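Subject: A structure for you to look at

Hello,

I am passing on a structure that I have been looking through, and I hope you enjoy exploring it. Please have a look at it first, and then read my notes.

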Amino acid sequence: METFITIYSISITIIAYILAKKIYMKYPSPLTTPVFLCTVAIISTLLISNLHFEDYVVAKDIITYFLGPATVALAVPLYKNRAIVAKYAIPAISGIILGLAVTLCIAITIAKLFSFGLNLIQALAVKSVTIPIAVEIMSLYEGDANLAAAFVLITGILGTMIAPWIMDKCHITMPFARGIAYGTIAHGLGTAHAAQESEFTGAVAGVAMAIAGIIIALCFPVFYSFL
């Protein structure tokens, strides 16, 4: 029975992604973003099938196991375009730092305006980094890891929904710039969406995601001292 549930869960994930991608290709909009549609479709299917998240965990672990090799594979297009990366390295890092600084400032401002509690402020501060880094930071500062993970997930989904639309409206077409934006604001989910645009965009997004995680991890103690 357990094997059947695992195969069933993997199947609905793959089918949901394929259908969501086809829908997005035909009707591109923030609401048809594959990540958003897949999330809604999978959750709906699990509810209809009366399956709990615990039943889906095994399938999730199998699927995410391949995330590592896929991420490493992004280094190939990055290496092929190393001249472009070197040329725009300083503006890219400056953009990542500025983007993260704005994120932290917004988190503090919102927290002060609405008198949020410490756990909520901490979760807001790490919402733009990947979940493993956010959870580790929360464990070091006795924050709520589950709340942080939820904010990271929501940020990633919203980022993949809204970022492409905003960049298209602003006529930002350079793959390098789009990759930096995806990786900085929407971490892993943004990187996955960037890879759909092109291998190079996905590779740049992956690097931006890693750099953003390092910067937040290093700067969080300073941010924490202002709380």
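Below are my notes on a helix pair, a loop residue and a group of rings.

Please keep in mind that this is a predicted model.

Let me start with the helices. The axes of helix H9 (residues 131–140) and helix H12 (residues 199–225) approach within 10 Å, and their crossing angle is roughly 10 degrees. Because angles under 35 degrees count as roughly parallel, H9 is roughly parallel to H12. From H9, the residues that make the contact are Ile133, Ile137 and Met138, and they meet Gly213, Ile216, Ala217 and Phe220 of H12. Sorted by class, this contact of H9 with H12 holds 6 nonpolar residues, 1 polar residue and no charged ones.

Next, the loop residue. Thr32 sits in the loop between helix H1 (2–26) and helix H2 (34–48). Is Thr32 buried or exposed? With a relative accessible area of 13%, Thr32 is buried, since the cut-off for buried is under 20%. Its side chain reaches the backbone oxygen of Tyr27 at 2.6 Å. A polar atom of the Thr32 side chain also lies 3.0 Å from the backbone nitrogen of Ser29. Leaving aside residues up to four places away in sequence, Thr32 touches Ala20, Ile23, Tyr24, Tyr27 and Leu37.

Finally, the rings. The model has 4 aromatic pairs. One of them joins Tyr88 and Phe176, a tilted pair with 5.7 Å from centre to centre and 40 degrees between the planes. Tyr88 is in the loop between helix H6 (82–87) and helix H7 (89–114), while Phe176 belongs to helix H11 (residues 175–197), so this pair ties together parts 88 residues apart in sequence. Tyr88 counts as partly exposed, at 28% relative accessibility, whereas Phe176 counts as buried, at 8%.

Phe176 also forms a tilted aromatic pair with Phe200, where the centres are 6.3 Å apart and the planes make an angle of 35 degrees. Since Phe176 lies in helix H11 and Phe200 in helix H12, this pair ties together parts that are 24 residues apart in sequence. Both Phe176 and Phe200 are buried. Through these ring pairs, Tyr88, Phe176 and Phe200 are linked into a cluster.

When you open the model, you could begin with that cluster of Tyr88, Phe176 and Phe200, and then follow helix H12 to its contact with H9.

Best wishes

Methods: Residues are numbered from 1 along each chain as its sequence is written. This is a predicted model: local features need pLDDT of at least 70, side-chain atom pairs count only at pLDDT 80 or more; totals for chains, interfaces and linings use all residues. Side-chain values use heavy atoms; hydrogens and water are left out. Axes are lines fitted to C-alpha atoms, for helices over the stretch in contact, and angles run from 0 to 180 degrees between N-to-C directions. Helices (H or I, at least four residues) and strands (E, at least two) are DSSP runs, numbered from the N terminus. Angles under 35 degrees count as roughly parallel, over 145 as roughly antiparallel, 65 to 115 as roughly perpendicular and the rest as oblique. Contact means heavy atoms within 4.5 Å. Ala, Val, Leu, Ile, Met, Phe, Trp, Tyr, Cys and Pro count as nonpolar, Asp, Glu, Lys and Arg as charged, and the others, Gly among them, as polar. Buried means under 20% relative accessible area, exposed over 50%, partly exposed in between (1.4 Å probe, protein chains only). A polar contact is a pair of N or O atoms within 3.5 Å; within protein, one must be able to donate a hydrogen and the other to accept it, and residues adjacent in sequence count only if both atoms are side-chain atoms. Rings of Phe, Tyr and Trp (its six-membered ring) pair if their centres lie within 6.5 Å; planes under 30 degrees apart count as stacked, over 60 as edge-to-face and the rest as tilted.
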